[in-house]
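Work through the exercises below with the model open. Each task is followed by a solution in steps.

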Amino acid sequence: MALALAGPAQADFGISSFHSEIINKDGSASTQAGGHPYQVTTTIDFNTITDVNGAIAPDDQVRDTRVDLPVGLTGNPSSASKCTETQLETRSCPADSQVGVAAITISGGLYLGVPVFNMVPASGQPGQFAFNVVNETVHLDAMVRSDDDYGISINLSKIPEPLPIVSTTLVFWGVPADPSHDAQRGSGMICIADINDPANCFGGGSTSTLPPTPFLTNPTSCSGGPFAVKLSADSWTHPGVPVKASFAFRDSSSNPLTMKGCDRVPFAPTVTATADGRRAGAPSGLSVNVHVPQSNGAAGIATSAMRKAVVELPPGMAVSPSSADGLGACTPEQIGLHSTAPPACPDSSKLGTVEVDTPLLDEPLKGAVYLTAPTDRQLLALYLTASGSGVQIKLAGTIDADPTTGRLTATFDDNPQLPFSDLTVTFKTGPRAALRAPKACGAYTTRALLTPWSSVDGTPVASDSPMPIDQDCDRAGKFEPALNAGLVDPTAGGSSTFVFDVTRPDGQQDISSIDSTLPLGLLARLRGVPRCPEAQAATGTCGAESRIGSTTVGAGAGPAPIFLPQAGKAPTAVYLAGPYKDAPFSLSVVVPAQAGPYDLGTVVVRAGIYVDPVTARASVRSDPLPTILRGIPLDVREVRVTIDRPGFIINPTNCSAQEVTGTITSAAAQAVSVANRFQVGDCSSLPLRPKLSLSLSGKGQTTDGKHPALSAVLSQKPGQANLKQVAVTLPLSLALDQRNAGSDDLCEFTAGQQTIPDCPKNSIVGSMTARTPVLDDPLTGPVYFIKNVRTDPKSGRQIRTLPTLATVLQGDGVTLVLRATTAVVQKHLVTTFANLPDAPVSDVTVNINGGPKSILVVSGADLCKATQIADQAVDGQNGKVRDAEVTITTPCRLGVAASSHTSSSLKVTVGGLSAGMVSLSGKGLVKTSRAIKTATTATLSAPLTVTVRRALARGREVKLAVAVTFTPAGAKKAQRIVKHLVIHGAVR
């Protein structure tokens with residue numbers, strides 16, 4: 001024996017032959033898919049040399065050997081008892097722990113036969129086998145190729161160096177307890193024989209007490225690559241430098257062996273999907289169990305392994321956006337799908353747990369389900385991991401979300417050909433649960449389509465699992481949105497951030513669109529704000545110069561919705577854009593849908609800004625809000641728009657209580673009116689100091705029956721209360737021309753009362769221009785003269801009254817209609833613009849045409865002979881009143897309207913004046929000057945010289961050449977006339 005174990009001279013290490021067979025009891029090839037072969041035999045012949053004594057010896061001593069079994073060929077260590085290391089060393093392993101035999105030929109031609117035992121595996125190993133030969137223990141460690149195809153490999157590590165192995169044959173029994181193996185069964189059995197006479201080497205005789213449970217099971221697939229076994233071995237001289245070989249199993253006709261009879265392989269799985277709660281529309285955990293009944297009879301056929309699983313969740317059960325807050329994702333590098341290393345996914349990407357019960361292991365595999373980092377091609381995907389007993393399973397699956405309904409379908413394909421009885425995936429529950437239950441109560445069903453490896457044509461087995469939702473059922477049909485809106489600084493006439501916030505309760509219908517109407521006087525200073533071009537507004541790519549605010553969106557079911565934008569993500573923005581649809585202005589509301597690991601793109605919602613032509617009240621109408629993005633229902637719970645561009649919002653100057661109103665429409669087309677109280681304060685601190693100027697024009701139109709043109713200019717400086725009503729009372733010298741007031745050219749009453757008057761051009765009697773700090777362009781338009789009627793309360797008869805005025809102002813896309821009434825009060829013509837918009841104006845100019853068709857006529861007077869005074873009565877939006885007399889500028893020429901004298905002075909009434917300086921001078925007069933603030937005529941009294949006074953005292957007639965000089969305010973050139981007057985002294 002000592003000579004036999006001596007090491008020979010070293011040469012190249014190698015494998016001269018390698019073959020394996022899988023057979024039935026009758027010696028035929030075992031080809032039944034899922035069947036249990038009688039035994040699997042693997043024989044390895046190493047390269048040999050002949051030593052100096054003529055004995056055959058290995059060229060080098062084998063150190064490590066790895067045998068890769070075909071994919072799907074499995075072994076169940078639980079089918080036999082287990083032997084401990086101590087029992088192996090003392091050759092006292094239980095007979096029930098023997099699972100095969102090993103035949104080893106060593107140097108010198110000795111043939112050793114030893115039993116192979118099922119061992120208690122070391123920690124972290126799924127299975128271990130061992131045999132003891134010549135007082136040396138050889139371990140066979142079973143492992144699952146987690147880094148490859150999940151087939152089973154047998155590793156023989158550090159085969160004792162004193163064993164100069166020439167050849168080895170390893171036999172695993174398909175059913176270890178089968179009585180046919182009793183002749184080779186026995187814990188103490190070992191024999192030494194000549195290589196040429198090994199037949200009687202094994203001679204046991206023990207009987208197993210265990211039931212005949214299969215240890216080996218054929219693959220359950222009848223397709224795939226060659227059914228082969230692979231070998232890798234190295235030597236003690238050259239460790240880590242393996243030689244490799246492979247052998248394809250063959251049948252009795254030497255044809256490549258393939259599994260057959262897949263139609264006989266049983267597969268009857270069931271799927272049970274259970275929501276952790278039954279509340280409609282609430283965040284929900286989910287437990288999905290796939291149960292595959294196993295067939296373990298030695299004479300039967302094993303259940304097929306599952307190749308593909310497709311699980312379709314009930315309609316309405318969808319991804320919950322609330323789960324994205326703080327959610328992470330696992331990258332391919334972190335999961336290491338083709339690595340035996342544990343996954344390094346962040347805890348934030350963990351969605352739940354995984355547990356797998358397999359008949360091959362005593363303990364279940366446990367692990368986690370992780371969210372996969374999204375890609376451009378796949379938004380939703382999962383990794384399932386489970387480990388235990390040295391087995392590491394990592395699977396990648398996809399989740400497809402219906403882009404219209406959000407219905408989820410999970411697919412795990414090309415799963416390992418390993419049997420399991422139960423696979424349970426449990427998704428976490430709570431406010432941040434990954435899923436949301438259907439919003440409506442009902443009897444829902446989860447459908448699974450499970451395809452076995454035994455299916456030749458890929459036909460799946462269907463399994464349905466009921467999922468009732470029967471709590472909080474009344475929420476789904478409700479829609480009770482609320483509005484909260486207002487100014488951060490509600491000071492009248494100031495500028496402030498404006499917040500508009502719409503919310504809805506959890507579980508109710510989705511918000512689809514938002515229409516809002518702002519209070520009177522709450523305006524936006526559009527002047528100087530560049531409008532975002534339409535192409536950019538539509539795509540959400542506007543420049544910062546058009547930004548006027550931001551928005552916050554709350555989305556997701558449950559008590560903790562997620563709010564966008566999140567820290568570190570792209571910001572939201574609200575941009576001012578130009579005309580949209582039929583609105584003069586619009587908003588481009590841009591919300592990057594980025595949360596957790598998800599980037600659903602940029603949501604752009606357009607909204608038109610409309611201006612009421614009568615009240616100038618602004619309203620905003622949004623396009624439909626998205627309810628689902630890339631298959632993820634948004635469950636929008638809150639939309640908050642904040643307009644915070646400095647100086648953009650202009651507060652009202654009317655402190656009356658008002659409301660912000662709106663209509664919120666649900667995705668089910670249910671419209672709900674909402675309102676929020678609105679009021680500004682401190683109106684009394686605003687001054688009211690408008691300035692009105694009136695002027696008449698028209699050559700020769702200053703005498704009775706003539707038709708001068710009238711121009712009125714009303715101006716205000718910033719910081720004042722806005723105008724509410726303006727009334728102008730003309731002097732008696734100006735009246736409404738009754739002939740023209742009754743002309744057929746007037747706009748008909750019905751046409752004139754339309755929101756925007758539809759009047760003919762021949763009814764235009766003037767024009768109006770308004771400049772406001774709100775808009776870039778002035779508003780201009782014609783002034784129409786419109787017939788007016790009233791209805792007699794007794795007879796119901798319509799009675800014609802004084803006509804009214806209406807102007808249609810347009811500019812910068814805005815149309816505004818202002819109306820005025822005319823009345824005669826104490827014979828004076830009064831024109832009143834009432835109910836003016838609470839909007840700031842820089843100046844308003846009204847021009848009334850002159851000429852034969854003018855509505856104004858000079859009545860019984862010569863305008864140049866007296867100063868024409870009108871009365872102004874202005875009411876401010878803040879309740880203040882400003883009344884004043886306004887001198888009308890006339891087209892009169894500088895002249896002397898009247899004169900008289902006393903013995904010491906000359907009194908001259910000068911006409912054709914306005915603001916400026918007037919003076920009298922000439923020989924015989926002491927020059928006299930007077931400043932005129934605003935007047936048409938002025939009387940100056942100039943002292944006579946001593947010479948003139950003496951002449952008058954003697955009763956003489958004195959001729960004077962009176963020079964009248966007038967320098968208008970702001971003018972450099974003076975006007976001058978000379979009037980010749982004759983004055984007489986007293987008669988004695």
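**Exercise 1.** How many bridges join strand E25 to strand E26, and in which direction do the two strands run?

Solution. In this predicted model, take strand E25 as residues 391-401 and strand E26 as residues 408-412. There are 4 bridges between them, and the strands run antiparallel. On the residue level, Thr409 in E26 has Asp400 opposite.

**Exercise 2.** Is Asn289 buried or exposed? Describe its surroundings.

Solution. Start with the location: Asn289 belongs to strand E19 (residues 286-291). Its relative accessible area is 17%. Buried means under 20%, so Asn289 is buried. Next, list the contacts beyond four places in sequence: Thr270, Val271, Thr272, Asp422, Leu423 and Thr424. With Asp422, the contact is also polar, side chain to side chain, at 3.3 Å.

**Exercise 3.** Which element gives the largest share of the lining of the largest pocket?

Solution. The largest pocket holds about 820 Å³ of space. Its lining has 34 residues, with Val71, Arg145, Asp149, Tyr150 and Gln417 nearest the centre. Elements giving two or more residues to this lining are strand E5 (62-68), strand E15 (228-235) and E25. The largest share, 3 residues, comes from E25.

Technical notes:
Residues are numbered from 1 along each chain as its sequence is written. This is a predicted model: local features need pLDDT of at least 70, side-chain atom pairs count only at pLDDT 80 or more; totals for chains, interfaces and linings use all residues. Side-chain values use heavy atoms; hydrogens and water are left out. Buried means under 20% relative accessible area, exposed over 50%, partly exposed in between (1.4 Å probe, protein chains only). A polar contact is a pair of N or O atoms within 3.5 Å; within protein, one must be able to donate a hydrogen and the other to accept it, and residues adjacent in sequence count only if both atoms are side-chain atoms. Contact means heavy atoms within 4.5 Å. Two strands pair if DSSP finds at least two bridges between them. On a 1 Å grid over the protein atoms alone, a cavity is a set of points where a 1.4 Å probe fits but cannot get out, and a pocket is an open set with protein on both sides within 12 Å along at least five of seven lines; lining residues have an atom within 4 Å of a point. Grid points are joined across faces, edges and corners, and a volume is the space filled by probe spheres set on the points.
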